[in-house]
Amino acid sequence: MEITAIYYLVPALVMFCCGVYGFITRKNMIAMLISLELMLNAVDINFVVFNRYLYPEQMEGMFFTLFAIAIAAAETALAIAIIINIFRAAKNIDVRSLNEMKF
Amino acid sequence: MFSNILIYFVVVPVIMLAGLGFCRNIKQIRAVAVTGSVALLGLSAYVLAEYLAIRATGNTEPMLFTGSWSWFEPLHINLAVGVDGISIAMLILSSIIVFAGSFASWTIQQPKEFFLWLILLSTGVFGFFISVDLFTMFMFYEVALIPMYLLIGVWGSGRKNYSAMKLTLMLMGGSAFLMLGLIGIYYHSAPEGGQLTWNILEIAKYDAIPHGWQQFLFPMTFVGFGVLGAMFPFHTWSPDGHASAPTAVSMLHAGVLMKLGGYGCFRVAIYLMPYAAKELSFIFLILTGISVVYGAFCACVKTDLKYINAYSSVSHCGLVLFAILMLNSTAMTGAIMQMLSHGLMTALFFALIGMIYGRTHTRDITQMGGMMQIMPYLSVCYVIAGMASLGLPGLSGFVAEMTIFVGSFKAGMAEYLAGAGSLKLVFTIIACCSIVITAVYILRVVGKLLFGPVYDDHHRTLTDATWWERFSTVTLILCVAAIGCFPNFFNNLINTTFTPEIFRVLGM
Amino acid sequence: MESVGSIILYFIVALSMIVFSVMAVTTRKILRAATYLLFTLFAAAVVYFMLDYEFLGAVQIAVYAGGIVVLFVFAILLTSKPGDNTERLTSKSRFLGGLAAVATLALAGYALVSRCSMAFASKPVMEAPDMQSVGEALLGSGHGEYLLPFEAVSVLLLACIIGGVVVARKR
Amino acid sequence: MDVTIPILILAIPLFMFVFLGLTGMKMSHKVAGILGTCGMGTVLVLAYYTAFQYFFSGADIFINGAGERLQYLVFDQTWLQFTENLVIKLGFLLDPISAMMLVVITTISFMVHLYSMGYMRDHHGVYEHGFQRFYAFLSLFSFSMLGLVVAPNIFQMYIFWELVGASSYLLIGFYYTKPSAVSASKKAFIVTRFADLGFLIGILTLSWYTGTFNFTELTSIPVEGMAGVSQVNIGTAEYVRGIFANSAAPTFMGASVLTWALVLIFMGGMGKSAMMPLHIWLPDAMEGPTPVSALIHAATMVVAGVYLVARLFPLYLMEEAALDIIVVVGAVTALYAAMVACTQLDIKRVLAFSTISQIAFMMVSLGVARPEFHHGLGYMASMFHLFTHAMFKALLFLCAGALIHAIGSNNYTEMHGLRKHMPITHVAFLIGCLAIAGIIPFAGFFSKDEILTACFGHSIFWYIWMSAVAGLTAFYMFRLYYLIFWWKEHKTPEGHHAPHDQPWTMTLPLVILSVVSCVAGFVPFGNLVTWNGHPMFESVDFFTNLKALDWSVASISLLVALAAIGLATVMYRKENALPSKMRNALPALWTWCFHRFYFDELYMFITHRIIFGCISRPLAWFDRHVIDGTMDAFATITNKASEVIKPLQSGQIQMYVWYYLVGALLLGGITALCVI
């Protein structure tokens with residue numbers, strides 16, 4: 001049995017879909033953030049897989065993933081800072097209750 | 001640039017605006033307003049005299065005092081000015097009404113802001129009439145429209161927010177069509193490979209707009225300006241807007257701003273696209289012909305003075321557009337005379353209505369009566385205005401209407417004899433019927449409002465006109481009578497403008 | 001042809017990736033969700049190793065598993081008491097969300113399987129990129145080199161640090 | 001001829017109007033009255049001088065070698081130039097009818113000015129409120145009427161036509177606090193306005209074809225450079241004939257365009273001259289002060305329609321159909337008005353209907369005039385009757401004014417038996433009645449006899465018809481006379497003075513007009529006013545008219561008149577039951593006559609129910625609800641739509657993801673389906 005690209009892509013796709021499911025159903029902001037990380041990772045895997053299988057002599061996919069990881073880190077840090085701040089203000093982190101700034 | 005006299009029609013209002021900034025009390029504001037409007041009046045009189053003098057030397061250029069200064073080169077937008085007899089007539093009308101309007105708003109609340117917007121409005125109006133560049137024309141048009149919203153919304157009465165919004169939105173809707181039309185004209189302004197231009201004179205000279213495009217652009221521009229000219233069925237902003245507007249704004253709006261519509265229809269739609277005007281005029285003839293009788297009939301049953309007058313304006317302005325569409329120099333002359341006449345007398349009407357309303361606090365004619373015994377001066381003025389409106393000889397309405405009817409009848413007969421149908425003839429006769437209906441609603445108002453016993457005893461204590469009100473009304477009455485008694489002066493001024501150019505294309 | 005060991009490893013990794021990601025989004029205990037995420041991230045790191053990108057796998061473990069998940073855990077502990085359950089999802093939202101996820105899966109899977117011949121490419125032989133080449137690519141400014149993004153990311157991270165401090169600072 | 005006097009004739013009344021209108025309030029009533037009267041007196045002198053010059057000076061600009069009277073254009077000033085040919089000019093045209101009208105208008109107007117000095121004050125001599133205004137309006141009216149009759153072109157006529165309408169409006173509504181006066185003035189204006197619509201369209205049609213407004217060109221021979229030419233023969237209309245001969249004149253609904261134009265112009269005349277069915281305004285116009293009724297609604301303005309037809313008579317001759325219409329309208333109106341006059345209670349209304357009937361006589365006379373018969377006798381008769389009628393009808397109205405002033409009511413049931421109390425008025429009224437009844441030698445006899453002769457020459461049917469109407473005229477006038485002055489002894493209500501003759505300002509005009517009514521019939525009109533200016537008689541003396549009478553016609557009409565007077569004497573001289581018996585014998589006819597054949601109700605129905613109720617109100621509703629509703633609907637739809645889509649922008653990121661996902665899936669799905 002040969003492990004072709006699809007063997008990696010399908011689990012990544014499932015992971016992505018889990019991320020989608022989580023993002024649109026969960027109301028807890030941290031849970032949503034976790035779902036977001038899942039999607040991000042799924043995409044990262046795709047980059048790497050395509051880089052490895054199609055253009056092994058280049059490293060664009062890898063570097064993209066590298067930067068994506070860095071940015072994900074930054075984003076998470078900031079998001080969590082915001083979440084904590086919201087928690088202080090609203091005493092919960094349910095997205096539905098965050099309508100103070102609406103309209 | 002400042003050597004051109006016409007520029008000062010825009011400069012003077014701008015100076016007035018600046019002067020207004022330094023005013024500290026109402027007296028200074030009045031002084032600025034009156035000085036400025038006198039200056040404008042003098043300026044238009046001077047331009048008229050100069051114009052006549054130059055014409056007397058045999059100059060047959062389509063426009064005089066022309067000048068053009070580049071404003072935005074990549075799109076060939078220029079600040080181009082120039083006047084002919086029609087523009088001068090309109091400039092005189094505007095300056096008279098601005099003058100009278102200043103006196104009519106002598107005791108307005110928040111005078112500084114009010115005059116600020118009023119003067120900005122007149123800047124737009126004057127700019128519009130002196131422009132010969134489609135783009136600057138459009139710009140000034142918008143400048144004239146926008147202050148209206150604030151003037152009605154802030155200083156108005158009744159459902160002022162609704163009316164202001166309605167008026168602004170409908171006119172803006174019209175200018176959307178207009179913009180489309182103007183851009184279309186611009187892109188076909190020059191023959192293949194030529195330099196595109198916004199300049200009306202050049203466009204008319206090239207006459208390069210393809211016929212197919214004309215048939216699209218003509219309705220666009222005509223409807224665009226027609227909305228402001230209260231063409232059926234786009235007139236409904238007029239009753240509400242006028243009913244809510246403060247006196248001076250009603251005067252200026254009905255007196256001058258609605259003339260922008262007629263002027264634009266002539267200057268842009270017909271002047272630049274005569275072919276389509278000939279082909280498509282029947283549609284608009286029907287609409288404007290309907291306006292004429294429709295407005296008059298509606299005015300017959302209204303009880304609010306301003307509504308009555310607004311519908312009467314629909315009727316009279318309909319006659320303006322109607323006559324323009326006759327594509328015949330007599331009728332067109334009549335149309336411009338009607339613009340002058342209607343502008344003056346409707347301003348007079350609105351001034352009087354404002355003065356009466358300011359005293360009785362009602363405009364419902366069923367709530368008033370016998371004003372002749374209480375305020376004889378205002379009542380007599382109202383009768384005179386009414387007589388002008390129903391076309392009494394010796395006042396302006398008569399000459400304008402007669403010129404229109406003679407011209408339209410001529411056009412209609414020519415069409416009928418040529419076997420091209422009797423549409424024009426039929427609608428001319430329908431339009432003639434308006435003189436009877438006008439008499440009905442004018443006399444109905446006069447009978448109910450001024451004559452008869454005093455309806456409300458509280459009204460007995462009311463006072464007659466103050467000196468500034470007298471001044472404002474006398475100015476307008478004198479002008480109405482001047483046109484009515486010496487029509488040939490205005491007739492010649494306007495008539496010489498209808499150069500054979502437009503009629504050549506029409507084959508007339 | 002892969003070695004049996006690597007096939008077995010693959011299946012373990014793929015299975016854990018799928019299972020843990022499903023569990024991460026379905027569990028009601030938020031701390032467990034973070035833990036499952038951690039496992040998923042590990043699985044992804046293993047994938048990177050399997051594809052010979054050791055540096056990337058290391059970064060994944062260090063930054064994600066070591067950094068981000070720790071941040072998550074801190075945040076969770078700060079915002080909820082232990083034993084807190086997140087609210088129960090309504091069956092409607094669960095159904096709709098599941099439907100959307102499955103639809104996405106179906107559509108993308110269909111596209112992948114039937115329309116994407118690249119997906120069936122076999123793995124070519126490749127030298128695992130050594131640290132030097134990675135470093136040079138990261139800090140070079142020529143073609144296929146990433147100094148500018150690198151600097152951009154560094155500024156971003158700085159901004160992020162400041163932002164995080166400012167936002168989370170107690171007023 | 002010097003233009004100063006003609007200009008002054010027009011300018012003095014205009015100046016008086018402006019002067020009294022602007023400064024009247026500042027001066028005393030008496031001064032205003034005297035000023036107005038003096039102004040009118042001056043105009044009277046000037047107009048008499050002008051007319052005398054025209055008729056009797058024999059200058060070759062007024063009369064040519066063959067003794068034919070000519071049209072003379074005194075001055076002509078461009079007022080408004082439509083096109084090169086179509087120009088409205090203001091001018092002064094002298095010809096037989098305009099000179100005659102100058103005399104009529106200034107005479108009556110002066111009488112009325114004088115009379116009003118006495119009439120417009122109460123029994124204590126206090127002037128009425130608005131006295132100055134009254135004189136201003138009278139001056140305006142005189143100006144307009146003079147401008148109308150001297151108009152050298154049809155458009156100037158139209159202009160002044162409108163102005164007389166307006167001054168009539170102002171004068172009818174003089175008592176503006178009285179609702180009935182206000183509505184009467186409104187009615188008068190609107191009805192005549194409606195007629196003027198026809199007039200206007202007629203003018204437009206006619207002028208479009210002929211390319212001119214000028215009467216000289218329309219009705220006379222074309223002459224190069226009209227303004228400078230002094231000798232213009234009247235009545236040939238060759239220019240118009242030429243135009244219609246050269247072009248194949250199109251027809252419209254079976255009649256030629258010229259016929260249409262003439263009928264439409266006649267419609268204007270019908271309105272002003274109160275021909276049926278446009279007569280309804282005249283009886284109501286009696287709401288105005290009585291001197292006004294005498295001046296405007298009896299003597300001058302209401303005959304403008306006759307004057308108009310007479311002006312364009314050469315054109316009417318070209319289209320006999322139009323003349324036939326005039327005859328029918330006139331004859332029907334004459335009979336109708338006479339019948340109604342027999343039943344009215346209000347003295348002024350009887351006189352108003354009598355006026356309508358007499359104007360109809362003039363119209364019929366014009367309609368039956370043909371050059372073939374006695375050199376267009378009908379035309380001369382019509383003008384003659386216009387002249388005499390103006391005198392005796394003004395007399396009657398002024399008498400009625402004196403009576404009303406004395407009694408304080410219009411209703412003659414409150415008068416009865418006044419002959420002893422007011423002898424001068426009595427005699428004057430009797431003279432007026434005799435004149436209108438057509439008793440020799442009073443003025444009406446001659447003119448009416450000429451009319452009947454003309455009718456006789458045209459058609460025996462109309463002759464009998466008009467003779468019957470003449471009999472009816474004698475009957476109702478004497479009915480009125482007897483009911484006012486005889487019937488029974490006068491009873492003065494408690495607390496009132498006994499009625500007596502009025503001050504000299506009011507009596508003097510009565511005396512003068514009585515004398516005129518006695519002798520006016522002897523004026524040799526046939527030599528002064530004929531349709532083509534050609535004199536009818538070789539030589540004239542005082543008895544020319546008497547000698548020229550066709551006694552076969554005259555004796556019959558005299559007999560009819562005397563019989564009618566006799567009947568009236570039997571029925572009304574003493575209080576008796578005959579009138580009520582007669583009323584009961586023909587109840588339906590009496591009711592219809594008394595209610596004026598329900599014309600007012602018909603008009604009320606048409607204007608209020610149909611025009612207001614079925615056109616204006618629905619249109620206003622349509623405007624507010626459909627047109628405006630559509631515009632509002634655009635706004636409402638926009639508002640509603642934004643309300644609907646506003647929640648989409650919820651701020652909930654998960655919703656956004658949903659939208660994105662659904663969109664992306666759809667797009668992906670569609671792509672997938674397409675590429676399968």
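View 1. Domain bounds here come from an automatic or database domain assignment. For chain C that assignment gives domain 1 (1-88), domain 2 (89-120) and domain 3 (129-171). Take the centres over C-alpha atoms, and domain 1 of chain C sits 24 Å from domain 3 of chain C. This is a predicted model, where local features need pLDDT of at least 70 and side-chain atom pairs count only at pLDDT 80 or more, while totals for chains, interfaces and linings use all residues. Residues are numbered from 1 along each chain as its sequence is written, and chains are lettered from A and ligands numbered from 1 in the order in which they are written.

**View 2. Where chain C meets chain A.** Two residues are in contact if their C-beta atoms, placed from the backbone, lie within 7 Å. By that rule, 71 residues of chain C touch 61 residues of chain A. The most comes from α3(C), with 13 residues. Sorted by class, the side of chain C that touches chain A has 51 nonpolar, 15 polar and five charged residues. Here Ala, Val, Leu, Ile, Met, Phe, Trp, Tyr, Cys and Pro count as nonpolar, Asp, Glu, Lys and Arg as charged, and the others, Gly among them, as polar. Of the four pairs of chains that touch, A and C have the most contacts.

View 3. Chain D itself has 27 helices and five strands, and its C-alpha trace spans about 120 × 70 × 55 Å along its principal axes.

**View 4. Two helices of chain B.** Helix α4 (residues 111-130) and helix α10 (residues 247-272) of chain B have axes that come within 11 Å and cross at roughly 20 degrees (axes are lines fitted to C-alpha atoms, for helices over the stretch in contact, with angles from 0 to 180 degrees between N-to-C directions). α4(B) and α10(B) are therefore roughly parallel, the term for angles under 35 degrees. Residues in the contact include L118(B) and F128(B) of α4(B), and L252(B) and Y263(B) of α10(B). The whole contact has eleven nonpolar, no polar and no charged residues.

Key
Helices (H or I, at least four residues) and strands (E, at least two) are DSSP runs, numbered from the N terminus. Angles under 35 degrees count as roughly parallel, over 145 as roughly antiparallel, 65 to 115 as roughly perpendicular and the rest as oblique.
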